Every structure is written in structure tokens, then in C-alpha cells.
Amino acid sequence: ISRGTACDIDNSRLSNWKEVLAKFGEGALAGVFASLATTLCDIFFTTSKFFVKNIRQIMACVTRSAGVLLINPDDLDLGERIKASTIIMATGAAKDIQKKDIEKQKMT
């Protein structure tokens, strides 16, 4: 009886550890997948937010530039309109680059 009881105790200890290790492995794998999914979602949501801001900035510059080129509110010559339109587009691009740099500095 004592030999049987000792074997049962050893077997139960070993099976418990096997079960604990198996559950630990499952939990670790689930944690890795959850972390990966969170990282991917953060990347896409942040990217889409920046993408929408960039489109809004680009459309504002294009609209102002088109207004100068087509409507000509200041009665400018063609060369002056093209120059003014180029300045508007370049200023918009510079602002966009500056905003990206500032946002990168905030993230770090």
C-alpha cells in the first residue's frame, strides 16, 4: 500500500507540473498574439489619423491654389498667378513636414 501511495503521489506531482507548463505555454502564446494584434491596430489607427490630417491639409492647399489660378482675385498676370500658386503649395508642404517632425518629437 505504501509503495502504491508513493507512486500515486509522484505521478500526481509530475502530471500537475506538466499541466502547469502546458497552461503557461498557452498563456504565453495568447499574450504574444494579443500584443501583436494591439500593435498592428495602433499602427493602422494612428496611420489613418495622420492620413486624414494630410488629406485635409493637401485639399486646403489645392483649393487655395486653384482659387488663385482660376478665379484670380487679385488681378495678377499668369506668371504671377503661377508663382503665387507654387508658393501656396510649397508652404502647405512645408507645414505638413513641420507638423510630422513635431509629432515625431512628441512620440519620442
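1. Some ground rules. This is a predicted model, in which local features need pLDDT of at least 70 and side-chain atom pairs count only at pLDDT 80 or more, while totals for chains, interfaces and linings use all residues. Residues are numbered from 1 along each chain as its sequence is written, and side-chain values use heavy atoms, with hydrogens and water left out.

2. Arginine 81 deserves a look. Arginine 81 sits in helix α2, residues 78–107 (helices are DSSP runs of H or I with at least four residues, numbered from the N terminus). Arginine 81 is buried but has no salt bridge, and the nearest side chain of opposite charge, aspartate 77, is 7.3 Å away. Here buried means under 20% relative accessible area, exposed over 50%, and partly exposed in between, with a 1.4 Å probe and protein chains only. A salt bridge needs a side-chain nitrogen of Lys or Arg within 4 Å of a carboxyl oxygen of Asp or Glu; for charge, Lys and Arg count as positive and Asp and Glu as negative, with His and the chain ends not counted.

3. What does lie by the side chain of arginine 81? A polar atom of that side chain is 3.0 Å from the backbone oxygen of leucine 69. Leaving out residues up to four places away in sequence, arginine 81 touches Val68, Leu69, Asn72 and Leu76, where contact means heavy atoms within 4.5 Å.

4. Serine 85 also belongs to helix α2. Serine 85 counts as buried because its relative accessibility is 7%. With residues up to four places away in sequence not counted, serine 85 touches Ser65, Val68 and Leu69.

5. Most residues other than glycine have a negative phi. Asparagine 72, although not a glycine, has a positive phi of about 55°. Aspartate 75 lies in the loop between α1 and α2 as well, and has a positive phi of about 50° although it is not a glycine.

6. Proline 73 touches Gly67 and Val68, not counting residues up to four places away in sequence.

7. Valine 62 is found in helix α1 and is partly exposed, with a relative accessible area of 34%. Valine 62 and glycine 92 are 30 residues apart in sequence, yet 9.1 Å apart in space, C-alpha to C-alpha.

8. Finally, the largest pocket holds about 210 Å³ of space. Its lining includes Phe50, Lys53, Arg56, Asp96, Lys99, Glu103 and Met107. Which helix gives the most to the lining of the largest pocket? That is α2, with six residues; α1 (2–71) and α2 each supply at least two. A pocket is an open set of points on a 1 Å grid over the protein atoms alone, where a 1.4 Å probe fits, with protein on both sides within 12 Å along at least five of seven lines; lining residues have an atom within 4 Å of a point. The volume is the space filled by probe spheres set on the points, which are joined across faces, edges and corners.

Definitions and conventions. A polar contact is a pair of N or O atoms within 3.5 Å; within protein, one must be able to donate a hydrogen and the other to accept it, and residues adjacent in sequence count only if both atoms are side-chain atoms.
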